[in-house]
Number of protein chains: 6
Amino acid sequence: MRKKVYAFGEVMMRLEAPNFKKLEQTHTLDFSFSGTGVNVLSALSHYGHHTSLITKLPANRIGNAAAAFIRSLGIGIPSVVYGGNYIGMYILERGFGPRPSKVTYTNRVESSFCQSSLKDYQLESIFEDASLVHFCGISLAVSKRTRDLTLEIARKAKERGIKISFDCNYRPSLWEGYEEARPVYKKMLELCDICFMNEKDALHLLEIPTTETELERQIESLLPIVSKLYKIPTIAGTIRTIISTDKQLLKGFLVKNNEVIFSVSQPLQILDRIGGGDGFASGILHGELNGLSAQDTINFAVASGILAHSTYGDSPISSLQDVLSFLNQQNQDVER
Amino acid sequence: MRKKVYAFGEVMMRLEAPNFKKLEQTHTLDFSFSGTGVNVLSALSHYGHHTSLITKLPANRIGNAAAAFIRSLGIGIPSVVYGGNYIGMYILERGFGPRPSKVTYTNRVESSFCQSSLKDYQLESIFEDASLVHFCGISLAVSKRTRDLTLEIARKAKERGIKISFDCNYRPSLWEGYEEARPVYKKMLELCDICFMNEKDALHLLEIPTTETELERQIESLLPIVSKLYKIPTIAGTIRTIISTDKQLLKGFLVKNNEVIFSVSQPLQILDRIGGGDGFASGILHGELNGLSAQDTINFAVASGILAHSTYGDSPISSLQDVLSFLNQQNQDVER
Amino acid sequence: MRKKVYAFGEVMMRLEAPNFKKLEQTHTLDFSFSGTGVNVLSALSHYGHHTSLITKLPANRIGNAAAAFIRSLGIGIPSVVYGGNYIGMYILERGFGPRPSKVTYTNRVESSFCQSSLKDYQLESIFEDASLVHFCGISLAVSKRTRDLTLEIARKAKERGIKISFDCNYRPSLWEGYEEARPVYKKMLELCDICFMNEKDALHLLEIPTTETELERQIESLLPIVSKLYKIPTIAGTIRTIISTDKQLLKGFLVKNNEVIFSVSQPLQILDRIGGGDGFASGILHGELNGLSAQDTINFAVASGILAHSTYGDSPISSLQDVLSFLNQQNQDVER
Amino acid sequence: MRKKVYAFGEVMMRLEAPNFKKLEQTHTLDFSFSGTGVNVLSALSHYGHHTSLITKLPANRIGNAAAAFIRSLGIGIPSVVYGGNYIGMYILERGFGPRPSKVTYTNRVESSFCQSSLKDYQLESIFEDASLVHFCGISLAVSKRTRDLTLEIARKAKERGIKISFDCNYRPSLWEGYEEARPVYKKMLELCDICFMNEKDALHLLEIPTTETELERQIESLLPIVSKLYKIPTIAGTIRTIISTDKQLLKGFLVKNNEVIFSVSQPLQILDRIGGGDGFASGILHGELNGLSAQDTINFAVASGILAHSTYGDSPISSLQDVLSFLNQQNQDVER
Amino acid sequence: MRKKVYAFGEVMMRLEAPNFKKLEQTHTLDFSFSGTGVNVLSALSHYGHHTSLITKLPANRIGNAAAAFIRSLGIGIPSVVYGGNYIGMYILERGFGPRPSKVTYTNRVESSFCQSSLKDYQLESIFEDASLVHFCGISLAVSKRTRDLTLEIARKAKERGIKISFDCNYRPSLWEGYEEARPVYKKMLELCDICFMNEKDALHLLEIPTTETELERQIESLLPIVSKLYKIPTIAGTIRTIISTDKQLLKGFLVKNNEVIFSVSQPLQILDRIGGGDGFASGILHGELNGLSAQDTINFAVASGILAHSTYGDSPISSLQDVLSFLNQQNQDVER
Amino acid sequence: MRKKVYAFGEVMMRLEAPNFKKLEQTHTLDFSFSGTGVNVLSALSHYGHHTSLITKLPANRIGNAAAAFIRSLGIGIPSVVYGGNYIGMYILERGFGPRPSKVTYTNRVESSFCQSSLKDYQLESIFEDASLVHFCGISLAVSKRTRDLTLEIARKAKERGIKISFDCNYRPSLWEGYEEARPVYKKMLELCDICFMNEKDALHLLEIPTTETELERQIESLLPIVSKLYKIPTIAGTIRTIISTDKQLLKGFLVKNNEVIFSVSQPLQILDRIGGGDGFASGILHGELNGLSAQDTINFAVASGILAHSTYGDSPISSLQDVLSFLNQQNQDVER
């Protein structure tokens with residue numbers, strides 16, 4: 001039986017004011033459905049993996065529309081369950097130049113997902129064909145229920161020999177400081193096979209000290225220690241140099257076997273900032289799942305991330321061929 | 001000092017799939033802000049009244065946009081307060097022919113309005129220039145907090161000699177049956193000067209019996225009794241005969257001085273069903289506030305209601321002149 | 001050399017609120033360019049005639065866009081001249097059901113057309129290949145300049161043996177009563193070969209009395225007299241029975257050789273009311289120019305008018321084949 | 001293993017001029033992907049069936065987009081294959097009132113589907129879990145290749161004991177008269193378990209004579225004979241009475257066990273004419289697959305067909321609950 | 001009583017071709033209402049000031065829509081009067097890269113505003129609660145009537161002790177050279193408390209000589225003289241260095257107490273060029289009204305101007321908090 | 001009689017996903033009609049030339065819409081013929097930053113144009129008023145029929161003393177290598193008066209050797225030889241330096257009288273890449289037809305090319321005045 005990649009996470013409805021307008025200046029909103037899990041699986045589906053999302057959607061018209069959208073991304077939905085009434089939503093006002101983008105959330109805590117519990121999910125059938133389950137730090141933060149659920153599902157999957165991937169994604173606004181988050185993250189990291197994190201996570205969440213002051217040196221000194229302490233074979237992350245709201249430099253790193261490999265730093269032109277990080281993460285997972293070399297993996301992940309930032313929407317939908325063409329620099333003018 | 005008409009009520013964000021599409025078939029939603037209070041005040045502003053809304057909006061970008069929209073309708077917002085994070089939302093999928101429209105709600109209970117309490121509102125400054133405050137039965141239903149708040153504000157306004165208008169608007173889905181609603185409605189009715197209700201409200205909410213079986217006879221037998229029992233000088237309502245999803249007949253009635261006056265039954269062509277009832281209610285309020293005769297009042301209200309159904313959006317925005325032209329049948333072809 | 005049909009008249013920019021919205025409810029307007037002359041020539045071009053418009057457009061970007069639009073309708077523009085700065089505009093808010101459509105004009109009097117004079121136009125080259133020039137009563141009304149211009153061009157064309165077509169199109173709002181209009185119309189009618197008018201024009205503009213009270217009898221008694229008095233070989237017009245804003249009955253009549261022929265009365269479903277009359281007029285002109293029988297002409301004209309009302313935009317763009325198919329009832333379901 | 005419903009057929013790209021405009025009047029087209037197979041499976045998926053489409057899509061961006069769209073309808077795509085370069089397209093100009101809709105096709109014959117051959121499809125894995133395969137008469141007509149392919153796949157499926165459903169859908173424009181079509185249809189009918197046809201098919205395609213002149217009597221006299229001659233247990237179809245372009249009456253019939261059952265005649269309000277017939281067919285298939293009684297089946301099918309006509313797009317997406325609510329008349333006003 | 005900021009000026013309807021298209025390439029236009037007065041008051045309302053516009057709008061649907069739009073910006077309209085028929089309009093075709101934006105005006109001179117006279121405005125009630133009235137040089141230019149009106153209102157306000165703010169905004173195309181403008185501007189400057197101007201205005205309008213050749217030196221040598229000569233306590237302006245159509249450098253200066261303070265030069269990324277200057281002016285007014293230090297005022301004004309250029313539409317709608325965040329560089333990535 | 005510029009070539013329907021979206025992310029496509037011939041004639045019409053297109057369009061609604069669009073560009077269509085059923089189409093997904101644009105073609109070979117033959121075109125009437133006929137290398141490639149047709153029309157025109165312009169436009173994907181193309185191009189070049197080519201064409205198509213390695217030197221060494229060998233008085237082309245997908249440097253060159261003149265290298269900001277080259281070519285043709293000096297011609301052509309890249313759509317529509325203003329650097333801010 002062909003194995004599947006699963007992700008556990010919230011689906012949100014994204015509503016966006018068009019053409020860089022502010023909410024007062026428009027009578028229409030563009031919308032789609034996304035979330036870390038959706039984004040990562042969307043990319044992996046487009047790279048040829050068999051995927052399925054573990055989440056709970058409201059049993060109403062919005063839930064139906066979310067499911068249709070997720071399916072259109074190539075993601076399987078047999079592991080989606082339905083119930084409750086609400087979905088988390090956010091309204092995006094796109095920034096321009098020096099004006100930053102703004103995200104305004106609606107109530108997430110009462111959503112079908114945030115109110116869901118272990119018994120809602122059919123873990124047994126999921127574990128039967130899962131090769132890996134991806135989790136995100138936001139699920140640890142958004143409610144007590146989802147925190148426990150995340151840890152519980154990860155633990156059970158780990159016991160079944162399924163790989164655990166985890167994106168730290170520490171959001172200050174969702175926690176009462178590092179103190180609250182620290183023990184939770186530590187428990188999660190102990191279960192990880194692949195972890196997405198950066199030097200700040202090591203310093204503040206895990207309280208690992210370093211005497212280095214330069215960013216890349218900090219990464220080199222801290223993350224191999226994390227890898228050893230928490231027995232995480234693969235750690236990856238990015239260094240972003242912000243030039244303006246729509247221009248950055250992106251550099252990826254990959255920690256494996258006590259070594260840190262960096263990609264070259266590449267210019268990033270941003271069409272859609274949200275979900276860009278998931279483009280990188282899914283590139284790493286693709287490399288790991290397909291047994292690419294560390295160098296090929298980090299290169300692929302950076303290319304995947306760059307294309308994700310230059311594509312509309314949260315969820316990456318570039319094809320495997322698109323990433324490979326980009327890596328081969330085959331193209332810069334029109335592809336006919 | 002010129003007196004104002006106030007309304008107390010929830011503001012909701014309406015999101016609508018365009019062109020009769022279902023949610024899965026579109027990537028854009030049209031949106032606006034509405035609510036019973038907004039709708040009634042919008043119409044009254046267009047009829048020349050000085051109005052202001054009593055509500056609580058979230059202190060964020062959505063609250064800002066709601067306030068801008070409400071102001072654009074001609075409604076004053078000095079009595080609007082800000083705080084909390086959420087606004088109630090609903091998604092409308094417009095029906096066609098035999099296919100009914102569908103409304104899907106997001107979480108209202110956690111909204112800034114539904115979580116607001118008496119101390120949030122600056123009632124003293126409101127009572128200084130209020131001639132009338134309009135309330136709606138939905139505020140009695142949607143949460144315990146708003147129920148108490150509604151009754152409390154109505155009571156305080158009444159004590160200050162301000163007229164109370166109330167639209168029963170009994171929504172079965174928001175109550176656990178008539179038993180729960182009955183004592184609440186009774187308290188509210190005791191405070192009313194103008195009440196919008198129908199024969200079902202008298203029969204089931206107030207348990208007033210009748211031997212009549214025909215609709216108009218029931219109205220004639222029941223509502224004068226309600227008027228006397230609860231000391232409500234003015235009661236009004238409509239009789240709708242549904243022909244299809246976009247065609248109905250509309251007949252209004254007005255109970256004053258122990259008499260029931262009916263309008264003629266008029267054909268209704270429906271562009272936008274939601275808020276249609278508020279078009280009628282604001283016509284009655286206009287007549288009452290301007291001292292029109294009972295007959296002129298009911299005619300104006302029916303015309304106001306008919307135009308509200310044939311206008312896009314929840315909130316009526318026909319001008320006083322539009323209603324008068326319609327009443328005078330001056331026009332059926334293009335107005336140049 | 002192939003002869004052309006010309007029309008002399010104003011081009012206006014039409015701006016329309018979409019989806020039955022009122023101006024306050026939208027941030028976008030659909031636009032196009034039209035006018036009686038444009039509409040009649042558009043239809044005739046689609047029926048296979050060689051056409052060209054006589055007008056003056058502003059020498060700026062709006063004039064450029066108007067010319068491009070007119071060309072896209074198949075109308076020739078060698079007889080269009082450029083100069084001045086403005087174009088007349090109107091904003092259309094589409095009505096629904098009992099709510100009438102509303103047209104709000106911008107300043108027309110200062111437009112390039114309304115400020116144009118005889119020397120602007122290259123009449124000699126126009127008269128060389130003209131078979132017919134069409135005029136409209138609005139040009140007689142909108143400014144003193146265009147009034148004189150209309151009469152002068154018609155007179156000169158007549159002298160050259162070119163047929164004159166004239167649509168009375170009496171607009172009460174543009175005249176100070178029939179007294180002002182009467183002598184002007186009389187001068188124009190004396191130049192006509194084909195005239196579009198109705199019984200009201202005969203009664204009030206021309207002060208021809210009748211003892212008949214029924215509409216069709218009035219037409220039969222009045223218009224042959226007009227034909228004789230003013231030596232107009234062909235007079236045509238329509239009788240509209242208004243059922244609702246989007247439903248009417250349409251019946252055409254044609255006066256030739258002292259006889260009045262009526263079409264059958266046909267149901268009209270209105271998608272776009274404006275320009276509907278020009279659809280009928282161009283059908284008559286098509287019949288006259290192609291030497292159709294009176295009966296075929298009136299039938300074609302009514303079909304042309306019905307399709308014009310059911311087509312978006314002021315300017316008819318149904319093909320000759322579309323009209324013939326409609327006349328032959330070949331179709332009511334999907335044409336594949 | 002849960003059985004699937006398959007359909008074999010072409011996927012087309014539908015491009016539609018918005019707001020009843022003609023192609024010259026717009027710069028944008030709405031688009032989606034559809035086809036008889038897509039439509040029938042879309043409805044069945046929404047009624048709870050497990051479905052998968054058998055087709056060949058171009059191996060390019062349009063093929064990707066088609067697959068994403070089909071997945072969003074809830075249809076499985078493991079049986080879709082990719083190759084070739086083209087997809088059939090059609091442009092729809094929506095009619096209004098007396099003006100008929102027009103469909104203009106692009107080249108279909110060179111499409112990936114019409115150029116596909118038996119070896120392209122993985123029939124073995126399809127036959128493993130198929131309960132039924134649906135075919136359409138258009139596949140018999142559109143090219144020699146698809147004609148042979150249709151018959152061959154049906155034959156092989158039949159041999160494996162899989163049910164064959166077939167919609168005659170005789171399109172005069174795709175055949176050189178009945179003579180060409182007759183032998184092909186006869187071969188196909190011999191393989192059918194469920195067939196959609198009407199009295200014309202029996203009379204002209206199958207040359208079965210009748211002395212009846214009235215429509216329902218013809219159906220009663222002809223179709224039981226077809227059922228017996230070709231050993232087709234279930235035959236169904238509709239009778240349409242055209243009132244106007246957007247209003248019809250719809251009556252369904254079902255032939256089983258030598259009996260003909262009619263539904264009541266129901267009014268149809270048409271939002272989107274195309275794909276309406278597939279709404280009926282999928283209702284019959286749902287009834288057959290779920291073992292409903294003949295009466296329940298025909299009622300469900302008519303309801304399914306009515307909702308399909310009142311829903312945007314070719315492919316029906318009403319839920320099972322929507323159809324049941326409609327059958328129970330639970331609703332005509334807004335569903336909240 | 002809380003004091004208000006007033007502005008006197010024309011309201012125009014802005015019509016814009018979407019997506020960088022030229023007028024021939026689109027069938028829709030985005031629209032809004034703006035004007036110097038509207039823009040300045042919009043910004044001030046968003047910064048927490050109580051504002052009201054002094055203008056005359058047409059008494060028709062366009063006037064209604066303009067009023068609704070202005071209210072939605074948070075601007076009061078009790079000082080707006082209605083009458084006449086027209087509003088000035090302009091069509092914007094947005095430039096791209098080396099292609100400049102183009103503005104085409106419709107007739108402004110016949111507009112309700114340009115035809116208005118002193119008796120139209122209720123100055124007494126305005127002067128009762130005005131702290132400041134803002135004027136713009138365009139009102140001096142656009143017609144003889146508005147020129148006299150501007151001077152007259154400014155003079156009367158000055159007599160009442162109300163502060164006068166004036167933006168020179170010299171538009172060459174609206175004057176027959178500096179000779180015509182000079183005496184008018186001189187009269188206006190004598191009434192000013194706050195004036196927006198640059199070195200060109202001093203040199204050419206006021207004919208003050210300088211030996212300096214470098215821009216900043218000219219400002220330092222000229223504007224303190226203007227301040228002294230015309231007794232204007234506060235003079236402010238900007239220096240723009242154009243890099244490309246969407247990139248400039250912006251530097252502000254403020255002349256107070258015989259001193260000239262410059263801001264640092266900041267990069268400007270332009271989403272919407274029109275109204276950008278009003279963003280700066282309203283920042284200065286905010287500083288002056290709130291008693292900020294000269295340095296804080298000029299910094300705030302530049303930030304306000306930069307955000308105005310990066311926001312859609314003529315009228316700035318950034319909040320006070322947005323400007324402060326920008327000043328504090330708190331943000332460059334997404335604000336959640 | 002005024003002479004016309006003709007172009008022979010395919011018209012294609014361009015369908016574009018809006019707002020940088022990929023096909024899966026949108027339900028609407030923007031569309032227009034274009035082609036090398038259309039583009040070159042559009043520019044020339046806007047520069048004041050009399051133009052007409054030689055092509056064959058399908059005799060259906062798409063053909064009608066294409067003709068209307070072409071007319072709106074100012075291009076004459078008396079030399080367009082109708083017949084067949086199809087038009088070539090392409091779908092454009094606009095790239096962003098590092099993500100390249102993608103073009104997906106539908107079937108062109110079966111189009112009305114690609115299936116047309118000599119007898120379809122009325123060459124005699126074309127040759128009567130033609131001053132020049134423009135051809136494109138794509139017509140040589142797309143089908144055997146159009147290859148022969150191109151050469152045949154060019155030969156006949158040449159015989160009549162009409163100038164032949166030819167854009168090499170070698171597209172690798174349309175040929176089986178240079179071997180197939182070489183003899184065809186050689187035949188065509190022998191007929192040319194004006195030819196658009198670059199050093200690669202000389203090297204690979206014509207197999208002219210050079211020892212130069214630097215681009216400009218190659219041009220200087222190769223193209224005068226081509227000019228002499230093939231007796232082509234005028235050869236022109238561009239050198240593009242790609243910086244990113246939306247930024248390039250553009251330098252033009254012109255070979256006349258054995259001399260090569262280069263323009264300065266100018267920055268290019270790309271709004272719409274497709275058709276940009278035709279903007280340059282039409283600038284050269286304008287210079288040649290109007291007898292400009294070589295230097296003025298190349299400068300005009302580069303300006304024309306730069307504006308074409310910064311304008312929406314394939315077909316350049318900048319006016320002569322726009323190009324001249326750009327050349328005079330009169331403007332970089334808003335043109336009012």
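Q: How many residues of chain A are in contact with residues of chain B?
A: On the side of chain A, 23 residues are in contact with 23 residues of chain B; two residues are in contact if their C-beta atoms, placed from the backbone, lie within 7 Å. The model is predicted: local features need pLDDT of at least 70, side-chain atom pairs count only at pLDDT 80 or more, and totals for chains, interfaces and linings use all residues. Residues are numbered from 1 along each chain as its sequence is written, while chains are lettered from A and ligands numbered from 1 in the order in which they are written.

Q: Why are α9(B) and α10(B) called roughly antiparallel?
A: Helix α9 (residues 276-289) and helix α10 (residues 294-309) of chain B pack at an angle of about 150°, with their axes 7 Å apart. Angles over 145 degrees count as roughly antiparallel, under 35 as roughly parallel, 65 to 115 as roughly perpendicular and the rest as oblique. The two helices are therefore roughly antiparallel to each other. Among the residues that meet are B:Phe280 and B:Ile284 in α9(B), and B:Phe300 and B:Leu307 in α10(B).

Q: Why is A:His49 called buried?
A: A:His49 has 22 other C-beta atoms within 10 Å. A residue is buried if 20 or more lie within 10 Å of its own C-beta atom, exposed if 12 or fewer, and partly exposed in between; A:His49 is therefore buried. A:His49 lies in the loop between α1 (36-46) and β4 (51-57) of chain A. Leaving aside neighbours within four places in sequence, A:His49 is in contact with A:Val5, A:Leu44 and A:Leu289.

Q: What puts the buried residues on the same side of α11(A)?
A: In helix α11 (residues 320-327) of chain A, A:Asp322, A:Val323 and A:Phe326 are buried. They cover an arc of only 95° around the axis, which puts them on the same side of α11(A); the arc is that of the directions from the helix axis to the C-beta atoms. The face turned away from this buried side carries the exposed residues A:Gln321 and A:Leu324. What covers the buried residues includes α10 (294-309) of chain A.

How values were computed: Axes are lines fitted to C-alpha atoms, for helices over the stretch in contact, and angles run from 0 to 180 degrees between N-to-C directions. Helices (H or I, at least four residues) and strands (E, at least two) are DSSP runs, numbered from the N terminus.
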